[in-house]
Amino acid sequence: MMRLLPLAALLLPAAAHADEINHGGQLWGSIQVTAPLGDNVFATMDIQPRVSTPNAATAPITIIPPVISYRVNDNLIASGGYLYAYIDGARIFGLHEDRFFQQFGYRIGNIGRVGVRMQTRLEERRRSTGQDWNVRVAQQLLFALPLGKEPGAGPTAVASTELYWNLSKADWGARKGYDDLWTFAGLQVPLREDVAMEFGYLNQRQRAVNGRANMNHAAVIGVSFQLARRVRPPLVVPTLPGRAF
C-alpha cells in the first residue's frame with residue numbers, strides 16, 4: 001500500500017492538469033469568392049459562420065471584406081486586408097474585433113510528391129472592450145499531397161500547423177507571448193475548375209487564462225468560388241485562405 005502512494009501522488013497532478021483544459025466542439029463553415037483584378041492581382045472575400053457547444057470559446061461569425069493579393073511569382077503571393085469578427089455575442093453583448101493584416105504565402109519546395117508551403121502574417125487587432133491595439137504574428141507551415149495523377153486534377157490531402165504569437169499586450173486581454181496554436185488535417189476536393197470544397201478537422205488550443213486553457217475541436221466545411229478566369233495559386237495548393245484567420 002505504501003508503495004502505491006508515490007504513484008498516486010504523481011498521477012493526481014496530471015489528472016488536475018487535464019481538468020484545466022476546457023474542450024469545446026464546433027462546426028466551422030466558409031464561403032469564399034475570388035475575383036481577378038488583373039493578371040497577377042486578385043480580390044478574395046470570405047464569410048465564416050460557426051456553430052459551437054455552449055462551453056466553446058468562439059467567434060460565431062467572421063466577415064473578411066475583399067482582401068487584395070498580388071502574385072509576385074508562382075512561389076510568392078503578398079496580401080493585405082481587413083477582418084471583422086463578432087465574438088461570443090451570446091455571452092458578452094456587442095463584443096467584436098477589428099483586425100488589419102498583411103501576409104506573405106510562399107512555396108518552400110517538395111518532399112517527393114508532398115508540397116511544402118509557409119505563410120507569415122502580421123495582424124493589428126482591437127476589440128470593443130478596450131482601446132489598445134495588439135500586434136500579433138501568425139506563422140503557418142502547410143503540407144499538401146495531390147492524390148490524383150496530376151496536381152489539381154483530383155483531391156489534395158492537406159495538413160498544417162499555425163502558431164499565433166502576441167508582440168504586444170492590450171487592455172482588452174491580449175498578453176505578450178503565446179496566444180493560439182491551430183492544427184488542421186483535411187481534404188480539398190475540386191468540383192470543377194472554378195469551384196472547390198474543403199473538409200477537415202481543426203484543433204485550436206488557446207493560451208491559458210487564470211490557469212485554464214480553451215481547446216476547440218472543429219469540423220471544417222468550406223467552399224470556394226473563382227469568378228471569370230482561373231486564378232493561379234502558388235505551386236503548393238493552399239487551404240482556403242480565409243479559414244486560417
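**Salt bridges, strands and cores**

Guide: Glutamate 97 is buried, its relative accessible area being 1%. The model is a predicted one, in which local features need pLDDT of at least 70 and side-chain atom pairs count only at pLDDT 80 or more, while totals for chains, interfaces and linings use all residues. Residues are numbered from 1 along each chain as its sequence is written, and side-chain values use heavy atoms, with hydrogens and water left out.

Visitor: Why is glutamate 97 called buried?

Guide: Buried means under 20% relative accessible area, exposed means over 50%, and partly exposed lies in between, with a 1.4 Å probe and protein chains only. Glutamate 97 has 1%, and therefore counts as buried. Arginine 127, at 25%, falls in the middle class and so counts as partly exposed.

Visitor: What makes glutamate 97 and arginine 127 a salt bridge?

Guide: The term requires a side-chain nitrogen of Lys or Arg within 4 Å of a carboxyl oxygen of Asp or Glu. The closest N and O atoms of glutamate 97 and arginine 127 are 2.7 Å apart, so the pair qualifies. This pair links distant parts of the chain, with glutamate 97 in strand E5 (residues 96-111) and arginine 127 in strand E6 (residues 114-127), 30 residues apart; strands here are DSSP runs of E, at least two residues long, numbered from the N terminus.

Visitor: How do you know that arginine 99 and glutamate 123 also form a salt bridge?

Guide: Their closest N and O atoms are 3.4 Å apart, which is within the 4 Å limit, and the pair therefore counts. Because arginine 99 lies in strand E5 and glutamate 123 in strand E6, the pair ties together parts that are 24 residues apart in sequence. Arginine 99 counts as buried at 6% relative accessibility, and glutamate 123 counts as buried at 0%.

Visitor: Which salt bridge joins glutamate 123 to arginine 136, and what does the pair tie together?

Guide: The side chains of arginine 136 and glutamate 123 meet at 2.8 Å, N to O. Arginine 136 lies in strand E7 and glutamate 123 in strand E6, so this pair ties together parts that are 13 residues apart in sequence. Arginine 136 and glutamate 123 are both buried. The count by this rule comes to 11 salt bridges, and a network of them links residues including Glu97, Arg99, Glu123, Arg127 and Arg136.

Visitor: Why are strands E8 and E9 said to pair?

Guide: Two strands pair if DSSP finds at least two bridges between them. E8 (residues 156-166) and E9 (residues 177-192) share 11 bridges in the antiparallel sense, so they meet the rule. Alanine 157 stands opposite leucine 187 in E9. E9 is also joined to strand E10 (residues 195-206), antiparallel, by 12 bridges, and E9 and E10 form a hairpin with 2 residues between them.

Visitor: What makes a set of residues a nonpolar core?

Guide: The residues must be buried Ala, Val, Leu, Ile, Met, Phe, Trp, Tyr or Cys, joined through side-chain atoms within 4.5 Å. The largest such core has 11 residues, among them Trp28, Leu142, Tyr164, Trp182 and Phe184. Strand E7 (134-146), E8, E9 and strand E11 (213-226) are the elements that give two or more residues to this core, and E7 gives the most, with 3 residues. Apart from this core lies another, of 8 residues, including Ala59, Ile64, Val67 and Phe101.

Technical notes: Helices (H or I, at least four residues) and strands (E, at least two) are DSSP runs, numbered from the N terminus.
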